[in-house]
Amino acid sequence: MESSKNGRESNEEISEKDENILSFLDSMDTYLTLMDSLSSTLRQGWLELASARHSMGASRINSTLLDLKFHRASTTLQVNEQSAGPDRELPHFTLRKWASSNNPEKNFEEAKFGEDELLKIKSNSLRRRDTSQSSEIQARSPESVGTPVSVDDLAQRERSKSLSMFGTLVSPKLRASQVSFETGTVATLFI
Amino acid sequence: MANRVQIRTNSSAFIAMIADEDTITGFLLAGVGNVDLRRKTNYLIVDSKTTMKQIEEAFKEFTTREDIAIVLISQYVANKIRFLVDSYNKPIPAILEIPSKDHPYDPAHDSVLSRVKYLFSTESVASGRR
């Protein structure tokens, strides 16, 4: 009786370990797929940047034009703790895109990512290879009467500010490159 | 409980970058660039003139700053300071190796996959069984 009980317990332990290993291998598969997705997004961004450089001229798009005056990043992260068990905590990242430089705590698009949530979302999103739409992106406005349109306007304003370091009139390819790298930033959060 | 790693919370943290010019330019267009009052940036552009010492110092600076949550580093740059990257084990800031324009992503050199490979290696499994 005792030996069969011990046998059952060890079978349960083995199946639990097998589950953990399978879950771990799934995570690694997800990691590789996301890296592949990030690579292709960045490749697209580099190609668009090269096209913009070709049309605008190399002197108009280079590192010497980067703004070295004091300015805050428009895209930041909020890091919180997320409990994953009695002795374990995981970092929980929230991406804040295009926060206004005047009011960095207000008016931004917010994408929440937790490791466990991502793993659940990924199993669906990866089959569609559409990571940008699977994230929980919410447009948030602090005013109760604010509309999503005002947040988009502010985001557009911040985007234009970023582009302005390369001049007032910029190639559409540079704008496209900006969008690609924005998607790449979101993809790094997924990873 | 004694070994519990503390997660450093932050309401407004930055993404740091150590990469080539085009990658940095692209991410700066995405609004990730930050310059503080002392003109310190959250990025380092690596080119042919950048020394290994500069890369090491930037990596050490970004991984010890409290306002940085993620460090993006091009894989070919990470290979130059592989000993530093592999010995880093804090959860925040998180390190992510990304491909670069001239050096595509190589899974054989990825630090995350190297650790996985070690976990599943025969030596590791054998030492666990003893």
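Follow chain B along its sequence and the pattern reads β-α-β-α-β-α-α-β-α-α. What you are looking at is a predicted model, where local features need pLDDT of at least 70, side-chain atom pairs count only at pLDDT 80 or more, and totals for chains, interfaces and linings use all residues. Residues are numbered from 1 along each chain as its sequence is written, chains are lettered from A and ligands numbered from 1 in the order in which they are written, and side-chain values use heavy atoms, with hydrogens and water left out.

**View 1. Chain B as a whole.** Six helices and four strands make up the secondary structure of chain B. Helices (H or I, at least four residues) and strands (E, at least two) are DSSP runs, numbered from the N terminus. Of the 130 residues in chain B, 52% count as buried. Buried here means under 20% relative accessible area, exposed means over 50%, and partly exposed is in between (1.4 Å probe, protein chains only). Among chain B contacts with a separation of 6 or more, 66% come from residues 24 or more positions apart; a contact means heavy atoms within 4.5 Å.

**View 2. Where chain A meets chain B.** Here 54 residues of chain A are in contact with 51 residues of chain B. The area buried between the two chains is about 4,400 Å², and carbon and sulfur atoms give 67% of that. Buried area is the accessible area (1.4 Å probe) that two parts lose on being put together, summed over both. Seven residue pairs, both at pLDDT 80 or more, are in polar contact between chain A and chain B. A polar contact is a pair of N or O atoms within 3.5 Å; within protein, one must be able to donate a hydrogen and the other to accept it, and residues adjacent in sequence count only if both atoms are side-chain atoms. On chain A, α1 (2-56), β1 (76-83), β2 (89-97), α4 (148-163) and α5 (172-190) each supply at least two residues of the side that touches chain B. Of these, α1(A) gives the most, with 13 residues.

**View 3. The salt bridge between the chains.** To qualify, a side-chain nitrogen of Lys or Arg must be within 4 Å of a carboxyl oxygen of Asp or Glu. The side chains of B:Asp22 and A:Arg53 meet at 2.9 Å, N to O. B:Asp22 sits in helix α1 of chain B and A:Arg53 in helix α1 of chain A, so the pair joins two chains. Both B:Asp22 and A:Arg53 are buried.

**View 4. B:Thr25 in helix α1 of chain B.** B:Thr25 belongs to helix α1 (residues 21-29) of chain B. With a relative accessibility of 1%, B:Thr25 counts as buried. Its side chain reaches the backbone oxygen of B:Glu21 at 2.7 Å. Set aside its neighbours within four places in sequence, and B:Thr25 is in contact with A:Leu49 and A:Phe166.

View 5. At 1.5 Å a residue, the 13 residues of α2(B) (residues 52-64) should span 18 Å, and the end C-alpha atoms are 18 Å apart, which agrees. The expected span is 1.5 Å times one less than the number of residues. The buried residues of α2(B) are B:Ile55, B:Glu56, B:Ala58, B:Phe59, B:Phe62 and B:Thr63. Seen down the helix axis, these buried residues fall within an arc of 165°, so they line one face of α2(B); the arc is that of the directions from the helix axis to the C-beta atoms. The face turned away from the buried side carries the exposed residues B:Lys53 and B:Thr64.

View 6. B:Lys53 pairs with B:Glu57 in a salt bridge, the closest N and O atoms being 3.9 Å apart. These residues are four apart in helix α2 of chain B, so about one helical turn separates B:Lys53 and B:Glu57. B:Lys53 is exposed at 57% relative accessible area, and B:Glu57 is partly exposed at 46%. Another salt bridge joins B:Arg65 to B:Glu61, with the closest N and O atoms 3.3 Å apart. In this pair B:Arg65 counts as buried at 11% relative accessibility, whereas B:Glu61 counts as partly exposed at 29%. B:Lys40, B:Glu61, B:Arg65 and B:Asp67 are linked in a network of salt bridges.
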